[in-house]
Amino acid sequence: MNILFFIESGLGNSSLLVDQITALYQKHKSVHAILSDYDQEKGLTDKIKEMSIPYTILPGLYKHHSFRKEAQILKELIESKGIDIVHVQTNWELAIISHIKYILKSKKKFKTLYTIHGYRNNYKYKKYIALFLLTILLWLFTDKIICTCSSLKKKFNILSYKIILLPLGIDKNFFISKRPTPQNNNLRLIYPAQFRIGKNQDTIIKAFAQYVQTTHDTNSILYLPGSGELLIEMKNLTASLNLNKQIVFPGRISKNEILNLYKQCNTAIIASSNETFGQCIVEPYVLGLNIITTNVGVAPDIITDQINGRFFTTQEDLTNILLDFHDNPNKIKLFGNYNYERRDAFTWDTITNKYLKYLSQLS
């Protein structure tokens, strides 16, 4: 089973895909990487080279240039390498591979696998148009589809006969890092996210303000790392509520810096209106933090209310949950322990074993 694996996702997930192909190559050597000439994160191509993973760089892949040239290069590669499965991550990649399969008619027959990393879903009409168009493309041109959580699978329910349910993994540094020590005497809250429509930092800020006003707790801290168009507005809201000393805006920070912030916290809050998967849910989960979240992405797959976290819908819900943790701080530790004990489900080793099992059935 020879696999052609695209690294470029178009959504900033390339580092995750490098981790995935690294784990895949360690278990199954017959894999060839397709890279863009543009690294979304510095050093990603170097990682592929260091692992001695066979690769081909397609100039212009990131910017969607040279469709015909890229198709010809890939056609020759598929035929020369005897590729059985092509794993694509974007619509552009799917279009090129479909062109090879149906127009250029590659001599080598292969299956096409597609991972849904995201689609536009924060705007009322655009999300339905995007969902409809993507569904048609996947129906016509894929053999199997990977959905990273059950809530995403439901959105493509009409294609359920093609869907494989397989989560994304988490950076190994989250597993080798020392587990944060829960602070039961006060809340240490964190929500790493871009400041844009649909992330709803204002809901958290207002709920936290109500919590502080009710409890007079001046020791609890809320960290809101990230950047974006709404950052200044959220800072102004914080200042208007006199919470500058308790709400911290670290700005745009690296993955390692986020990891260090998690270590200072005992609870993660996820307020997103939508998540295709939700790294911001899984990262604190594997570290053994307590989780407070909206019902998005992978959350309903791994969180059970009052067992290992809490779900909320409104600002009032969130305030009441914070008050409950203030009155019952032991829950923070209990919920975190539950998550920590089940974190191995998100190692790339575990996920790769499942991936190869599915692919053996596909080839």
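Buried, in this briefing, means under 20% relative accessible area, exposed means over 50%, and partly exposed is in between (1.4 Å probe, protein chains only). With that in hand, take helix 8: Gln201, Thr203, Ile204, Ile205, Ala207, Phe208, Ala209, Tyr211, Val212 and Thr215 are buried there. Helices (H or I, at least four residues) and strands (E, at least two) are DSSP runs, numbered from the N terminus.

This is a predicted model, where local features need pLDDT of at least 70, side-chain atom pairs count only at pLDDT 80 or more, and totals for chains, interfaces and linings use all residues. Residues are numbered from 1 along each chain as its sequence is written, and side-chain values use heavy atoms, with hydrogens and water left out.

**Helix 8 and the residue after it**

- Helix 8 runs over residues 201-215, and its 15 residues reach 21 Å from first C-alpha to last, close to the 21 Å expected at 1.5 Å a residue. The expected span of a helix is 1.5 Å times one less than its number of residues.
- The cover over its buried residues includes strand 8 (188-190), strand 9 (221-223), helix 9 (231-240), strand 10 (247-248), strand 11 (267-270) and helix 13 (315-327). Contact here means heavy atoms within 4.5 Å.
- Just after helix 8 comes His216, with a positive phi of about 60°.
- His216 sits in the loop between helix 8 and strand 9, and at a relative accessible area of 64% it is exposed.

- The buried ones are Ser14, Ser15, Leu16, Leu17, Val18, Gln20, Ile21, Thr22, Ala23, Leu24 and Tyr25.
- They pack against strand 1 (3-6), strand 2 (31-36), helix 2 (44-50), strand 4 (85-88), helix 11 (279-287) and helix 15 (348-362).

- Helix 5 (residues 126-141) has 16 residues and reaches 22 Å between its first and last C-alpha, close to the 22 Å expected at 1.5 Å a residue.
- Its buried residues are Leu131, Leu134, Thr135 and Leu138. They cover an arc of only 110° around the axis, which puts them on the same side of helix 5; the arc is that of the directions from the helix axis to the C-beta atoms.
- An α-helix has 3.6 residues a turn, so residues three or four places apart point the same way.
- Among the elements covering the buried residues of helix 5 are helix 4 (91-102), strand 5 (111-115), strand 6 (144-147) and helix 6 (150-155).

**Helix 3 against helix 4**

- Helix 3 (residues 67-81) packs on helix 4 at an angle of about 60°, with the axes 9 Å apart. Axes are lines fitted to C-alpha atoms, for helices over the stretch in contact, and angles run from 0 to 180 degrees between N-to-C directions.
- On the helix 3 side the contact uses Phe67, Glu70, Ala71, Leu74, Lys75 and Ile78, which meet Trp92, Ala95, Ile96, Ile97, His99 and Ile100 in helix 4.
- Sorted by class, this contact of helix 3 with helix 4 has nine nonpolar, one polar and two charged residues. Ala, Val, Leu, Ile, Met, Phe, Trp, Tyr, Cys and Pro count as nonpolar, Asp, Glu, Lys and Arg as charged, and the others, Gly among them, as polar.

**Single residues to look up**

- Asn242 has a positive phi of about 55° although it is not a glycine. It lies in the loop between helix 9 and strand 10, and counts as exposed at 69% relative accessibility.
- Ile163 lies in strand 7 (residues 163-165) and counts as buried at 10% relative accessibility. Ile163 touches Ile145, Cys147, Lys153 and Phe156, not counting residues up to four places away in sequence.
- Ser273 is in the loop between strand 11 and helix 11. The C-alpha atoms of Ser273 and Gly198 are separated by 5.1 Å, although the two are 75 residues apart along the chain.
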